[in-house]
Amino acid sequence: TWHLRKIPQIVRGRTFSLDSPKFEAKAKLELNSVCGIECQRKLPVPSLSDLKDLLSYETVFENGTRTLTEVNVLGAVLDPAGNTTTRRASRKKRQIYGTDSRFSIYDKRFMTNFPFNTAVKVSTGCSGILISPKHVLTAAHCLHNGKDYVKGSKRLRVGLMKTKSRGNGRKRKGTSDGMPSFQWTRVKSTHIPKGWFKGVSGDIALDYDYAVLELKRPHKRKYMELGISPTIKMMPGSMIHFSGFDNDRSGQLVYRFCSISDESNDLFYQYCDAEPGSTGSGIYLRLKEPNKKKWKRKIIAVYSGHQWVDINGEQQDYNVAVRITPLKYAQICFWIHGNDENCTQG
């Protein structure tokens with residue numbers, strides 16, 4: 001069941017103008033020297049002033065101007081347990097684990113309907129998910145490498161799926177119902193939390209690898225609501241679901257459901273089969289609504305991709321997702337609505 005949680009408040013403070021970015025960074029979909037499970041276990045719990053700093057955010061507008069907005073955090077519960085995780089054995093580099101369990105969605109009855117139609121393509125080569133009529137959630141490293149914005153993010157666009165028939169609109173015998181093509185929409189502004197730029201001890205911190213894109217024009221599709229990420233124990237079969245546009249299956253929407261192996265306060269570590277291109281996909285669960293018989297899908301994490309992390313001084317690889325915690329829920333909800341009035345419970 002989805003449990004209603006009281007959400008901390010993110011209150012906007014001062015906004016400063018910054019120099020325009022250079023937009024010269026290379027998009028890097030695999031990150032090295034990321035603070036991993038062992039490193040996270042040793043980190044102190046962030047103080048309230050740390051949280052205010054980490055959740056302050058940069059906004060980049062389509063004309064290339066940039067601002068930094070400071071925030072105050074009210075009602076946050078600081079977890080004294082810190083970033084505890086369960087121990088598990090290290091493993092070797094694989095992005096597809098054993099049998100490839102991904103499904104390509106061809107049938108347009110599925111592609112153009114919920115939940116698959118919430119998946120979008122980001123012009124820098126990533127995926128994302130619709131979270132309002134005007135907003136898309138994706139991974140921060142699709143737009144920024146920790147030092148500068150990536151090439152192509154100045155004229156950022158989002159592709160919403162539409163289906164095209166092959167040939168003259170008539171379905172040929174033995175062909176699929178159509179491959180997705182994209183209706184591209186310009187991005188008006190981009191929000192990235194300051195925690196992504198700061199990192200931990202100079203390294204990039206995956207904890208803040210998320211960003212929200214505001215579209216220039218609203219869409220009329222069904223979008224997916226945000227949810228607060230439960231612990232692995234509270235998930236049916238520890239299974240998660242997500243769809244994206246993996247590079248090795250060009251022009252196809254790729255869906256997978258898979259189990260989570262490990263967790264910290266901010267991250268899920270899992271064996272989900274995924275290739276570059278699916279980075280930034282929204283990970284969702286289907287749980288029961290409180291006191292109702294209805295089931296509802298909600299986004300509980302952002303897929304950060306295949307990353308190298310430091311474990312016991314050795315580089316190991318994982319497929320990693322950033323959990324939507326109550327604080328991140330508050331921040332993303334604030335970016336969508338522009339205030340915290342609609343973000344008191346999640």
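This is a predicted model: local features need pLDDT of at least 70, side-chain atom pairs count only at pLDDT 80 or more; totals for chains, interfaces and linings use all residues.

Residues are numbered from 1 along each chain as its sequence is written, and side-chain values use heavy atoms, with hydrogens and water left out.

Me: Which strand gives the largest share of the lining of the largest cavity?
Reply: A cavity is a set of points, on a 1 Å grid over the protein atoms alone, where a 1.4 Å probe fits but cannot get out, and lining residues have an atom within 4 Å of a point. The lining here has 13 residues, with Val60, Ser153, Lys154, Leu156 and Thr190 nearest the centre. Strands (DSSP E runs of at least two, numbered from the N terminus) S3 (57-61) and S10 (179-193) each supply at least two lining residues. The largest share, four residues, comes from S10.

Me: What is the handedness of the disulfide of cysteine 126 and cysteine 142?
Reply: A disulfide is a pair of cysteine sulfur atoms within 2.5 Å, and cysteine 126 and cysteine 142 sit at S to S 2.1 Å. The torsion about their S-S bond is about -95 degrees, so the disulfide is left-handed.

Me: Are cysteine 126 and cysteine 142 buried or exposed?
Reply: Buried means under 20% relative accessible area, exposed over 50%, partly exposed in between (1.4 Å probe, protein chains only). Cysteine 126 and cysteine 142 are both buried.

How values were computed. On a 1 Å grid over the protein atoms alone, a cavity is a set of points where a 1.4 Å probe fits but cannot get out, and a pocket is an open set with protein on both sides within 12 Å along at least five of seven lines; lining residues have an atom within 4 Å of a point.
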